[in-house]
Amino acid sequence: MKKAIILFFLIITACGSSPAINITEVDNGKTIPTKIGDEISITLAGNATTGYNWQFSSDKPAHSKVIQEKYIVEKHPTGMVGVGGKSIYQIKVMKTGKFVITAQYYRPWEKFDFQKDKHFEFIFEAK
């Protein structure tokens, strides 16, 4: 009986939530199928100690909602400075249709330069 109850709760839990869609730079330019309610996590390497940061934007802001933006420093010895990390941009799909999330890596006090600064486009098709 206990095994049946545990199995029941595992099935209910699995059906109740969809895993996050994990995106990295290898997904640049690809169209990623999604649906309303999906959570998307975009993870990109960077180094905030250089002044460079990832700036994210959407061509259709109503199609997604920002859940969280964070920067995680890589593990490093105590006292070590200048360590890189990764920026994580998490959104939730809110509407059907195609939308694009653009990521630009540059120093905010400088003008973005398409020739020298990193940039990616992630295309989402929500059904």
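Ser64 touches Ser58, Ile91, Lys92, Met94, Phe99 and Ile101, not counting residues up to four places away in sequence; contact means heavy atoms within 4.5 Å. The model is predicted, so local features need pLDDT of at least 70 and side-chain atom pairs count only at pLDDT 80 or more, while totals for chains, interfaces and linings use all residues. Residues are numbered from 1 along each chain as its sequence is written, and side-chain values use heavy atoms, with hydrogens and water left out.

**Chain as a whole**

- Read from the N terminus, the order of elements is α-β-β-β-β-β-β-β-β.
- Of the 127 residues, 32% count as buried; buried means under 20% relative accessible area, exposed over 50%, and partly exposed in between (1.4 Å probe, protein chains only).
- Among contacts with a separation of 6 or more, 64% come from residues 24 or more positions apart.
- The accessible surface is about 8500 Å², and carbon and sulfur atoms make up 59% of this surface; the areas come from the Shrake-Rupley method with a 1.4 Å probe, and for residues only the protein chains shown count as cover.

**The four-stranded sheet**

- Four strands form an open sheet with mixed pairing, in the order S1-S3-S6-S5; two strands pair if DSSP finds at least two bridges between them.
- Its edges are strand S1 (21-23) and strand S5 (64-73), each of which pairs on one side only.
- On average, neighbouring strands of this sheet are turned by 20 degrees against each other, direction ignored; axes are lines fitted to C-alpha atoms, for helices over the stretch in contact, and angles run from 0 to 180 degrees between N-to-C directions.
- Strand S3 (residues 39-46) and strand S6 (residues 85-93) run antiparallel and are joined by eight bridges.
- Ile40 stands opposite Ile91 in S6, and Ile91 is also among the residues that Ser64 touches.

**Ser64 and His63**

- Ser64 belongs to strand S5 and counts as buried, at 13% relative accessibility.
- His63 lies in the loop between strand S4 (53-58) and S5, and is buried at 12% relative accessibility.
- Leaving aside neighbours within four places in sequence, His63 is in contact with Lys92, Val93, Met94, Lys95, Thr96, Gly97 and Phe99.
- A polar atom of the His63 side chain lies 3.0 Å from the backbone oxygen of Thr96.

**Salt bridges**

- The count comes to four salt bridges, where a salt bridge is a side-chain nitrogen of Lys or Arg within 4 Å of a carboxyl oxygen of Asp or Glu.
- One of them joins Asp27 to Lys30, with the closest N and O atoms 3.9 Å apart; Asp27 is buried at 13% relative accessibility, whereas Lys30 is partly exposed at 43%.
- Another links Glu110 and Arg107, with the closest N and O atoms 3.8 Å apart; Glu110 is partly exposed at 29%, and Arg107 is partly exposed at 24%.
- The side chains of Lys116 and Asp117 also meet in a salt bridge, at 3.5 Å from N to O; Lys116 is exposed at 53%, whereas Asp117 is buried at 6%.

Conventions: Helices (H or I, at least four residues) and strands (E, at least two) are DSSP runs, numbered from the N terminus. A polar contact is a pair of N or O atoms within 3.5 Å; within protein, one must be able to donate a hydrogen and the other to accept it, and residues adjacent in sequence count only if both atoms are side-chain atoms.
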